[in-house]
Amino acid sequence: MRRLLTAAVASSSLLAAMAFTPEASAASAAEPRPRAVPATAAESDTGVQAAYFGAVDASNTATATIRAVAFTGVARVDFRLRLKGSAEPYLTVPNVPLKSGDGNAGYYTPRERLQLRPGRSYLDVDLTDTSGAHTLVPAAAFADTSTGVYAVAVTGATAASRPFQVKGQVFHRGAVGRVTGRLYDARTARPVGAEFELRPGASTEADQWTVTDVVSDPIEQPDGAYSVVLTARDEQGDTVRNQGGVDVSRPVQQFAGLTVAPETVDADHRTVTITGRLLGGDGAPQAGVRVRAEGPVAETVTDGGGAFSLTVNLSRSKFTLVAAAHGEYAQAVREVAVQTRAIPTTTVLSAPSGRVRVGSLATFTGQVTRAGADGKLVPLANQQVSLRFTTDTAPNRWVASATTDANGRYSAQVNVPESGTWTVTSHDPGGFFADSRSAPAPVAAAYPTEIVGATAPRTAAFRTDGFTFKGKLLRKGPSGAGTPVRSGLVRLLFSPDGRHWASKNTGSTRPDGSFEIPGLVTADGYWRADYAGQTAGTGDLPSSSAKIYVDSRYPTFIAPFDAGPEPVKKGRTLTVKGRITKYTGRTLPGAGAVLKIYFKPRGSAKWKAMASVKADRNGWFTKAFKASADGTWAAAYAGSGAYMGDWSEGDYVDVR
């Protein structure tokens, strides 16, 4: 049975897969059966055998999985994410749960998707075994936002004859650098031979990546069980590494004279008969050997001349032919491709109308149809579709996949990252139906905004002192992080009761999103800043700041103020006098106001309260003192619940 082993690291640029085929027959290979082996020459008792990110979605979130091993048992797994070039983690996931396996060898995945920051993120893994010992595995995997990251997959053959080749595939989104391989003794994990190169071959386009075949030159090694590590390097110099296994000992059988009838099939006529012979390494017929076709399964036994015949109802244009191992021979595996006539399809996409809030879930629906026998379009069930998103900076980005129902309809819910164009591509992995793409559907995104850091004075003078309302306007992205809104129009509003608002002034945000808007207090009440949205066609949503209550008080003024005579002889009488007024829409005497008289000696920075004095009905006040030292005199009114306080100008007196 074909199995897939996930291992080592994954990147948005590279994914590696390996297989082993004998040099003697490029078309044949032993049945893949992967083997977990160390990715380095010396594997410790505790470590990470596999680590990879899942695909990064439109909101820049992804899953991460590791396979951890420990001889004494894994007690705890902690994940840390950090950006390339930084030693400090920006996200820590403690005590990651075991998903499958056990404490000695198991897969660990966080319960929630990981929110990635822009750029390349490394996954550092901290393993704690049951003895309490820690093993830190830095950069076990890495992920790139905005291109997506995919797991590393390896398949390895169980047997091959000498000389053999190492074949693999690199799944990538960027440029592929050097690809190398290294053999290890499967029992001791010690390296065998030198590192070898794998040459790039054909490339094909898949849904989420480009697949490039790689192959080594023929390798000569003694009989035995080997592990192999395949390493691919991306355009940033980071590596993807994974492993598989191969036994070099048993000779491999070969299929000969294979024919398929009919030669061409289509979706409505899928039954074929394959005939051929099974031969040994010396060309002798292999009788009584079980031969089966996988995908779907059909089985027979070779006759005395090694001949066989199988009838297969195809589910795809390719299937695998397997001859069972027997005697000294390992099993033989051959992929058979059948020519198909692809039936045309049509894909329709229905996207959300109006503006969609950035980061919110939006539903995309549609239908896939095919040409029927009479030429009319009929629904196409069980068809794979891929939803893709395009902007000026992220062309044709895969976002989600879905499968059509019995009526050919599909539905996908995805997070909308920004304004852009969406398309759906229909693809039949079996090759019976032609690919088709929907017409592009533009979707306008609406960005949430937020006014933060709003400040204003808690008290202000009635109709005389202006005040400044300050804040910062931010635009929220899919991750919730805010970026400054530049040149955003912000209104300053007032309400006496916090419910009914009136605009009092406007202002514009600076490049950093900050703003300062002047206001004038005419009554007690609430103030706030409002942003109506739609700056420069971005589709910003409106937002308001927190409301701030400002207490309006009548201003007071102490003027004139005088201390004299000047100069004055020491010991003689010094008189301070002045007048306090208040402004309530008109200027009135501050009758009955209690003021304090202050003195600051020459050379000192401190004021000393000398006496209190009450203003008469006309606001005038006077107070006599005994002159004792040079210094400055002033009067101050502390204010009240209805009136602002005030200080007079200082008056210096020379005492001789």
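In the predicted model, the hairpin of strands E12 and E13 has four residues between the strands, and Gly132 takes a positive phi near 95° there. Strand E12 covers residues 119-129 and strand E13 covers residues 134-145; the two pair in the antiparallel sense over nine bridges. Within this pairing, Val125 stands opposite Val137 of E13.

Positive phi values also occur in residues other than glycine. Asn95 has a positive phi of about 50° and is placed in the loop between strand E8 (91-93) and strand E9 (98-101). Asn95 is partly exposed, with a relative accessible area of 44%. Asn382, which is not a glycine either, has a positive phi near 55°. Asn382 is found in the loop between strand E33 (377-379) and strand E34 (384-390). The relative accessible area of Asn382 is 63%, so this residue counts as exposed, the cut-off for that class being over 50%.

The protein chain as a whole contains zero helices and 59 strands. Of its 656 residues, 47% are buried. Among contacts in the chain with a separation of 6 or more, 65% are between residues 24 or more positions apart.

Strand E18 (residues 210-216) has partners in two other strands. Strand E15 (residues 164-172) is joined to E18 by six bridges and runs antiparallel to it. In this pairing, Val170 has Thr212 of E18 as its bridge partner. Strand E17 (residues 191-205) is likewise antiparallel to E18, and six bridges join the two. Here the bridge partner of Leu198 is Ser216 in E18. Six of the seven residues of E18 are buried, so this strand is largely enclosed by the rest of the structure. In a regular strand, side chains alternate between the two faces of the sheet.

Thr345 is located in strand E30 (residues 345-350). With a relative accessibility of 11%, Thr345 counts as buried, because the limit for this class is under 20%. Two polar partners of its side chain can be named. A polar atom of the Thr345 side chain lies 2.8 Å from the backbone oxygen of Ala434, and the side chain of Thr345 also makes a polar contact of 2.8 Å with the side chain of Ser436. When residues up to four places away in sequence are not counted, Thr345 touches Val368, Thr369, Arg370, Leu380, Ser426, Phe433, Ala434, Asp435 and Ser436.

Ser514 lies in strand E47 (residues 514-520) and is buried, with a relative accessible area of 13%. Its side chain makes a polar contact of 2.7 Å with the side chain of Asp512. Leaving aside neighbours within four places in sequence, Ser514 is in contact with Gly471, Lys472, Ser508 and Thr509.

The second largest pocket has a volume of about 640 Å³. It is lined by 24 residues, and the closest to its centre are Asn60, Pro118, Gly477, Pro478 and Ser479. The lining consists of nine nonpolar, ten polar and five charged residues. Strand E43 (466-476) and strand E44 (482-484) each supply at least two of the lining residues.

Gly482 is found in strand E44. Gly482 is partly exposed, its relative accessible area being 40%. Beyond its neighbours within four places in sequence, Gly482 is in contact with Leu474, Arg475 and Lys476. The C-alpha atom of Gly482 is separated by 8.0 Å from that of Thr449, and these two residues are 33 residues apart along the chain.

One joins Ala559 and Pro560, with omega about 0°; Pro560 is found in strand E51 (residues 556-564). Another runs from Glu566 to Pro567, with omega near -5°. Pro567 lies in the loop between E51 and strand E52 (573-583).

Key: Residues are numbered from 1 along each chain as its sequence is written. This is a predicted model: local features need pLDDT of at least 70, side-chain atom pairs count only at pLDDT 80 or more; totals for chains, interfaces and linings use all residues. Side-chain values use heavy atoms; hydrogens and water are left out. On a 1 Å grid over the protein atoms alone, a cavity is a set of points where a 1.4 Å probe fits but cannot get out, and a pocket is an open set with protein on both sides within 12 Å along at least five of seven lines; lining residues have an atom within 4 Å of a point. Grid points are joined across faces, edges and corners, and a volume is the space filled by probe spheres set on the points. Ala, Val, Leu, Ile, Met, Phe, Trp, Tyr, Cys and Pro count as nonpolar, Asp, Glu, Lys and Arg as charged, and the others, Gly among them, as polar. Two strands pair if DSSP finds at least two bridges between them. Buried means under 20% relative accessible area, exposed over 50%, partly exposed in between (1.4 Å probe, protein chains only). A polar contact is a pair of N or O atoms within 3.5 Å; within protein, one must be able to donate a hydrogen and the other to accept it, and residues adjacent in sequence count only if both atoms are side-chain atoms. Contact means heavy atoms within 4.5 Å.
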